[in-house]
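Dear colleague,

I am passing on the structure we spoke of, with the sequence alongside. Please look through it first; my notes on what was found follow below.

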Amino acid sequence: MNWELLYINWNPNLELLHLGPIVIRWYGLCWLLGFAAAFLLVRRLYREQKIKDELFDPLFVYCFFGILIGARLGHCIFYEPDYFLTSGKGIIEMFLPIRFLAEGGWKFVGYEGLASHGGTLGLMIALWLYVKKTKLSIWTVLDNIAIATGSMACFIRLGNLMNSEIIGKVTEVPWAFIFERVDQMPRHPAQLYEAIAYALLFFLMWGIYKKCTNGPIAKGPQVGTGWYFGFCLTYIFTFRFFIEYTKEIQEAFEASLPIDMGQILSIPFILLGVWCMIGARKKSI
């Protein structure tokens, strides 16, 4: 069979619509939908657990800035240090969504580079600051955020798909995508693989949570032990480690490494996740 007939030619318009001078891009919309889904889910979890609304209100301010700052710095430091850390203009571009032009001046480009590992670390730091302020249990907060994480991660990877970024390696699988903004080669839709995996993670964790909190006697992993947080880290970054084998390297220096930067950065998160799950089991005994 000629599998080429099944290949998907992918070249969507990056912009969804214009509202006067404001441009709504698919990528930004996916981020917004991801945050909205996580916001609604965690608010429901807080209310089910009888946590006061005033303790929930500041949570997503911390999460938004923690993820954004962490993801941006993670990309700049881990993937493009030669550009961002070697000049004053590069350091400015780390923090501001602009790009300086060779002929002088600058233009607004948005944040063209966000790393999930950095975003995860930034989120963890932000949540630590949040619990210092609210006096809530860190494990309760981390577990609730973890239950909703899969929904947001799914939307972010769909945004990457709309941007034709984080593309896969050339392949002959019948479901290959031809990312026309990149080249005319059939490639693994690695972003779609991750989006599906993260959607499954959400439904799996939500199902476990509902099963373990309903009924006259609560059995299984409970929110507040760190199990959901540990499972979330272990699932996401184990999957991320292996899915990297289907992706093109993002920066040239990775070609000389035995495993790429995404895999290197995934290992400590996997270890942390396993440690949290083991600790949660001890707490429940």
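**Surface, fold and core**

The accessible surface of the protein comes to about 15100 Å², and 68% of that area belongs to carbon and sulfur atoms. Please bear in mind while reading that this is a predicted model.

As for charge, the protein carries 25 positive and 22 negative side chains, with the centres of the two sets lying 14 Å apart.

Turning to the fold, the protein has 10 helices and seven strands. Its radius of gyration is 20 Å, close to the 19 Å that the globule rule gives for 285 residues, so the protein is as compact as a globular protein of that length. The C-alpha trace spans about 65 × 55 × 45 Å along its principal axes, and 45% of the 285 residues count as buried. Among contacts with a separation of 6 or more, 64% are made by residues 24 or more positions apart.

The largest nonpolar core has 50 residues, and those with the most contacts inside it are Tyr46, Leu59 and Val141. At least two residues of this core come from each of α1 (26–48), α3 (59–78), α6 (116–134), α7 (138–162), α8 (190–213), α9 (227–243) and α10 (261–284), and α7 gives the most, with 10 residues.

With best wishes

Definitions and conventions. Residues numbered from 1 in each chain as written. Predicted model: local features only at pLDDT ≥ 70, side-chain atom pairs only at ≥ 80, totals over all residues. Heavy atoms only, no water. Helix = DSSP H or I, 4+ residues; strand = E, 2+ residues; numbered from the N terminus. Rg over C-alpha atoms; globule rule 2.2 N^0.38 Å. Buried < 20%, exposed > 50% of the residue type's maximum accessible area, 1.4 Å probe, protein only. Contact = heavy atoms within 4.5 Å. Areas by Shrake-Rupley, 256 points an atom, 1.4 Å probe, with all protein chains shown as cover. Lys, Arg positive; Asp, Glu negative; His and termini not counted. Charge placed at Lys NZ, Arg CZ, Asp CG, Glu CD. Core = buried A, V, L, I, M, F, W, Y, C linked by side-chain atoms within 4.5 Å.
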